[in-house]
Amino acid sequence: MRIAVPAVVAALMLVAVPHQAARGEVVSQSPAGFALKLSADAAASKDEVWKALIAPNRWWNGEHTYSGKAENLYIDAQATGCFCEKLPKPADAPEGQRMGSVEHMHVVYADPQRGVLRMVGGLGPLQGEAVDGVLTITLKPVEGGTRIEWTYVVGGYWQADPEALAPIVDRVLAEQLGRLAALFPSSPAAAAG
């Protein structure tokens, strides 16, 4: 039995996504999960893009965080590190209460020289499902800059309908990738020409 897509996920469908340089597609989907492929070009070197990639506080949309603020995001880009978020204490928190935190993904492979970052976890509403996702980010030099490729493969036991979630997750990830690429405003074609 499948339950309806949660209201918070349905609300994501209504969020306007600004013009973006990212291209994404759902390459496969089934009742067991889905696979997404996304790409964008940045007019910057692989090293510059890597530095920006591991600073999600610079490019991730705060509307897609638990705290509501992208400034609370960080990536510790080494094996056993994480793509995490600090949850500041509320002003009325009892004395001695610790700050909260969220692990969005767990880093399993980080190689800045090859331009590969791989993380495991369920992003956003997927975190509450009994599923696992593998996000592989690859940076490839192209004429005039760097191509940023994201592949996100998710599968497991679902309460929600993965076939309904796949295009929503694709859209939200495309927005984030577009925001990362937008840190480098000239397109590679413009830089080359």
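Visitor: Which residues line the largest cavity?

Guide: The lining of the largest cavity consists of Leu53, Trp59, Trp60, Ile75, Phe83, Met119, Leu135, Ile137 and Trp150. The structure is a predicted model, in which local features need pLDDT of at least 70 and side-chain atom pairs count only at pLDDT 80 or more, whereas totals for chains, interfaces and linings use all residues. Residues are numbered from 1 along each chain as its sequence is written, and side-chain values use heavy atoms, with hydrogens and water left out.

Visitor: What lines the second largest pocket?

Guide: Its lining includes Arg23, Lys37, Thr136, Glu149 and Trp150. The elements giving two or more residues to that lining are β1 (23-30), β2 (33-42), β7 (130-142) and β8 (145-157), where strands are DSSP runs of E, at least two residues, and helices are runs of H or I, at least four. About 150 Å³ of space lies in this pocket. Trp150 also belongs to the lining of the largest cavity.

Visitor: Is glutamine 176 buried or exposed?

Guide: Buried means under 20% relative accessible area, exposed over 50%, and partly exposed in between (1.4 Å probe, protein chains only). Glutamine 176 has 0% relative accessibility and therefore counts as buried. This residue sits in helix α3, where 15 of the 20 residues are buried. Beyond its neighbours within four places in sequence, glutamine 176 is in contact (heavy atoms within 4.5 Å) with Trp59, Trp60, Asn61, His64 and Trp150.

Visitor: How many disulfides does the whole structure contain?

Guide: A disulfide is a covalent bond between the sulfur atoms of two cysteines. The search finds one (sulfur atoms within 2.5 Å), joining cysteine 82 to cysteine 84 with an S to S distance of 1.8 Å. The torsion about that S-S bond is about -130°, so the disulfide is left-handed. Cysteine 82 and cysteine 84 are both buried.

Notes
On a 1 Å grid over the protein atoms alone, a cavity is a set of points where a 1.4 Å probe fits but cannot get out, and a pocket is an open set with protein on both sides within 12 Å along at least five of seven lines; lining residues have an atom within 4 Å of a point. Grid points are joined across faces, edges and corners, and a volume is the space filled by probe spheres set on the points.
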